[in-house]
Structures are given as C-alpha cells and as structure tokens.
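Please keep the sequence and the structure in view while reading.

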Amino acid sequence: MSVLEDRLRSELRAESDLITPESIVPLRLTGDTERVPGVPRRRGPRQWPIWMIPLAAAAAAAAVIAGTFAIAHALPGSGPRPASPKLASLPAYYAYTVQGNVYNYRSHGTQYSASVTGRYLKVRDTVSGKLLGRVYPPRPYNNFNVIATDASGTLFVLGAMHDFERNANTPPKVLARSSRTPMKFLELRIDAARRPQLSSLLLPVTVTPGQQPSIALSPDGTRLALTFGGGGQPAVLDVISLGTGRARRWVSPPVAWTPVLGPTGAWTADGKTLALQEEDVIRTPSRQAARNWRPHATALVYLIDTRAPGGTLAAGKLLVLRPPAHESAPGQVVLTPDGTKLIAVTSKQAFPPWGGTSSGQLSVYSARTGTMIQRRGPWTWHGIRPGRGRFARPVIALSSPTGSQLILLYPQHNENTLSVLTGGSLRTTGSPLPKGAGYQELEDALSTPDSLAW
Amino acid sequence: MEGDVAHLSDFTGPARARSTGPGAAYPQQDTGHVEVSRATHAVTTLYQSHALGLTRLAFIILGDRQAAEDVVQDAFCGLFRAWDRLPDDSNVLGYLRVSVVNGCRTVIRRNKRTPRSLAVPPAPSAEASVLVGEEHRAAVAALRRLPPRQREALVLRYFADLPEQETAAAMGVSRGTVKSTTARGLAALGRMLREGQ
C-alpha cells in the first residue's frame, strides 16, 4: 500500500471521529406511530368519493375559524390575567454574542478559517424582540469573551480579546493565539433613544488570554466582579468600583481549579454577597482533553462578603452542594437575590442517548449550610437527542427575590420552552414573560446561556 | 472507530442479515400489526448497529454533519418502507449503503457547492469556545475537491474498506470502473497534495 493510501485512510478515520456514537440521532420511522395494532396496512393512497369535496371544504373553513378563536384565547394578554408576578420587572434589554469568522484565507483551493463565538454582539428589546443594534469589538480585538449586565438591562460590561493573529509571511495554516494582548473592557449603555453606546472602560486590572476570566455586574451597575487564574496559578477575585476604579482583591494559593461566576445569580440584590464556583476548565482545548473531561461529583461554591476589604478566598464561606443520589453534580448554580438559597440543576442521564431517558429536578440548597432543602420542577427527556441549542435540562434566566419564582428555559415535550416556574407549577404564557415577538428571540438567546446577558 | 467501519463490510451475507434481525422471534401471521412490529424492530436494530458507520460514510462524502444524518435517516426510512418487498436473501447492508451513496449524490447535485471543510465539536470550557477550523487535514480537503464519483470510490475503498466488488455494487458500476476511478482519484489527490505543499 502506498504512502498516499495510508495517509488518506488515517485522515479519513480521524475525520470520521467527528461523528461520535453519542451524536447519532434516533431513528424516526415515518408512519410508524400511526398504525393501529391488528389493523392491516393500507395499500396505496385512499380515493375519496367526489361528493366529499364540498363537505371537506366546509369542515376546513370551520376548522380555520375555530382555530383562530383558540389561538386568540391562548395568546398572552387575551385571556384572564394570571396571578400577579413575583418578579419585580424584567430587564429592558438583553445582549448576546454571535459566532463569526475572524480569519479566512484560500490557498491552492483550500479554505482556511477560524471562527470565534463572540465575533459581535446583538442587543434586543426584551418585550418586542426588536434589534437595537450590532456591536463589534474595536480593532485589533476580535472576540467578546465575557459579557455581563445590571438588573435594569441598560448597562452592559464586555470583555474583548484579540484571540487570533496571523503573522505576515507565514504559511496560511499558521495562526497563533495572541499571547500578549490583554483583555479590553468596554461599557455598553442603551441611551434614552434606545441606541447602544460603546465606550472604553479602564480597569486597574490586566487579564491576559488564557487566564479564564469571568465577570458579573452588581445589580445596581456600580461594581464589577472579575475572576481569573487557577489552573496552577492563584485564583483571583477582584471587585472593582466602576465609579472610582478602586478594587478589592481576594486571592487563593495556586490551585488546579478555575474560579467562575455564573451568568445568572452571582450577586445578591443588595450587592453584598457574591457566589463564586470552583470549576474544572480545560486549558488547552483538544478532542482528547474534551473526551477525558469529567465533572466534579459535587459543586463547590464560595460566598464572598464583598463589603469586606479583601483577603484570601478561604475567608469566604465554602459550601459543598451534593447532588441527590445517582444524579450529576449541581450545575448552573444560582444565588437567590435575598441570599438565602442556592438553586442548581441536577439530572440523571441514561445511555445510549437514542434509547435512554434523561430526568432531573431543580435542587434548592440552603445558602447557610449547603444542605438540600427542596426539590422542584421535575422534568423528563425521552430518548431523543437534544438538537442544536436544546438541552435535556433547564437553563435558569431570572429569579424572584426568594427563588420561589423562576424564569427559565424548561425541557418539556423534548423542547426547551421559555417558562415561569412558581413553586412547583409551570406555565409557558402570561406575565411576567415577554410578550410579542421578543419571546422567540429571547428563547433562542437563552439556549446559549454563557453568551447572554439579561 | 475501526470496529464501526469494519462492521460495514462484515454485514454481507443474506442469511446473516435476516438472522441478526429479530424477525424469527415473531410469529408468521399475515396481519399488518405483526408485519409492522417486525419491520420496525428489525430496522431499529439495524439502525442501532449501523447508523454510526453509515453516518460517518455520508459525512466523509458530504462534509456536512446535518446532511449526512438526513441521508442516513432517509435510507433507513426507505428500507422500512421497502421491507416487505425485499427478498429474503437480500443483502440489507448493501441496500442501505447504496441508498446512502445515492442520497449523498442527490445532496451534492442539489447543493451544487463545495462541501464545508471541517466541523469542530464544542468542548466544555471557555477556552475551547474559540473554535479553530485550522486543524486541517489536507488529504481530506483535497478529497472533497475531487469529482463526486472519484470521491465516492476512494471513500468506499479507503474509509469503508470495501473490496472492489462491493464498491462496484454500492456505486452501481462495474468492477473495472471502480479500479480506474480509484486510480484516477488517487493520482489527482497526489497531484493536489504536491501542489499544496
């Protein structure tokens, strides 16, 4: 066998590894489910008698009229009003990152390209879904890595990086990660005329690529929490006053884990306490590393009193959140605005995905002791692989002060639907959910929670 | 992965094709229900065994994961519809392979465009959220620039490891055509790789 044949064979096999056994969608046999047991299969299309045509037309017209009434009654706002919302108000706007190419080069008929997840930002009105604008990072920055907003949804803080660069006179496939350009912080305000205004934000901190930064803006928009480090370096939390530029720093000795602030529920409403989670993050992305990655058995959360002058992370309260038996470690931990509870997603997953069922609940933990005090919102996902942007688990977006009411993307009938969970009851229409066109846009944006600020 | 590819050519004998399915476990009654159950069970079992290998085959030819999944789904749905008409001694995997290859041809004809070069799966970290399409396989990229027939021949011969006779059956051509198409494809591939260096 020639060298070329060997090379082709090995490259084809490596390429085919992109299709993993877990990614195989279940088989849907057309017509398989409509069959009635014991009834012989019908052969060929059925011929309807000619006199049925006017009757069918009349039935269709009646169905259209009845359907119109049904839809009108189902639309939010057209039926009886639901119970008064416990959430004070929705943020006015939300912003989310959009993937795009930063590099495109064609050489000898071969296309080389690199794309990033935050090539630009879209800002939309929560209620109407109207697009207020697209925001690009200023050159040479080409990727919005982190994004956060305040409670009103009119102020956003963005962190942009210069992720890739190609040096002149190098082969097209040599594309280097920028190792020196630090993160650029920007402030995005939505003005009275509903125009996004972007400006630089000077912070007394330098974050370089690879330090795994995450940010969370306090509900009143005056302070920014920034974490980075870990992975063999000290883990750092800075709480920076955006008015004065002063920072308070909490730091740990060198650690393997990475400090992470969740996209939702990092701060309490009074801006006093901050929840920071220990996570294992893959530093050098590769398929092997992704394959070998195993989540923690428990979730470790630090509660930091941000009014303290700073110090070591160990000064914060460390809570160990244990999952219920046979379930995954609590994920997407949300601190309720009153600071009394932590809400997290735990689930069981069966394999293979085409034959198994995922199920789980929202687990509510005491923020004082870390013990589980309640389980609510059970869901089941039946053996159908979630599609792009769909998960067999909930995504929490907003919480009422005590956590009794949540707006979330909830797995229901194998779809993730924007819903309100009040106590143990779930509904998908009515206040305080956004109405009109904004519903769908927000639902789509929520399906990538790390890229959304709402 | 090799096992997944190897079983493409393992499933050749007509007797084995039927015996691996659960058809024998069902009573031979001529009612729609039993027919449907048997066909459903058999096709589902075949799908669980062969979907991965066939999806990979379609993905290599098309370079598009979604289209590959659709082609394989269509092939199995076609098998399900045709189940009653298949003779008992039919080569079910061969039938599926031909369906997949034909489905890929239809997709290519419909799209009339170069398949996308690479898809990169997401990795669970912020660092990995930066997707790099740069991780490049030159031979695969060159393969995707070959004419569809040459591409099919090379993929069936060097990815699915099919002998010439089965490659010919899957492509619907003679064995001699497979040999010449493969030789021309390899020569063109070598030329493209040399030019790319």
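In chain A of this predicted model, strand β1 (residues 93-107) and strand β2 (residues 110-125) run antiparallel and are joined by 13 bridges. Strands (E, at least two residues) and helices (H or I, at least four residues) are DSSP runs, numbered from the N terminus; two strands pair if DSSP finds at least two bridges between them. Within this pairing, A95(A) has V123(A) in β2(A) as its bridge partner.

β2(A) is also joined to strand β3 (residues 131-135) of chain A, by 4 bridges and again in antiparallel fashion. Here K122(A) has R134(A) in β3(A) as its bridge partner. Both pairings form hairpins, as the table sets out.

| Hairpin | Residues between strands | Turn residue with positive phi |
|---|---|---|
| β1(A) and β2(A) | 2 residues | H108(A), about 50° |
| β2(A) and β3(A) | 5 residues | G129(A), about 75° |

Chain B has 9 helices and 1 strand. Along the sequence, its elements follow the pattern α-α-α-α-α-β-α-α-α-α. Of the 197 residues in chain B, 43% are buried, that is, 20 or more other C-beta atoms, placed from the backbone, lie within 10 Å of the residue's own. Among the contacts in chain B with a separation of 6 or more (C-beta atoms, placed from the backbone, within 7 Å), 67% link residues 24 or more positions apart.

Residues are numbered from 1 along each chain as its sequence is written, while chains are lettered from A and ligands numbered from 1 in the order in which they are written. As the model is predicted, local features need pLDDT of at least 70 and side-chain atom pairs count only at pLDDT 80 or more, whereas totals for chains, interfaces and linings use all residues.

Key. Buried ≥ 20, exposed ≤ 12 C-beta atoms within 10 Å, placed from the backbone. Contact = placed C-beta atoms within 7 Å.
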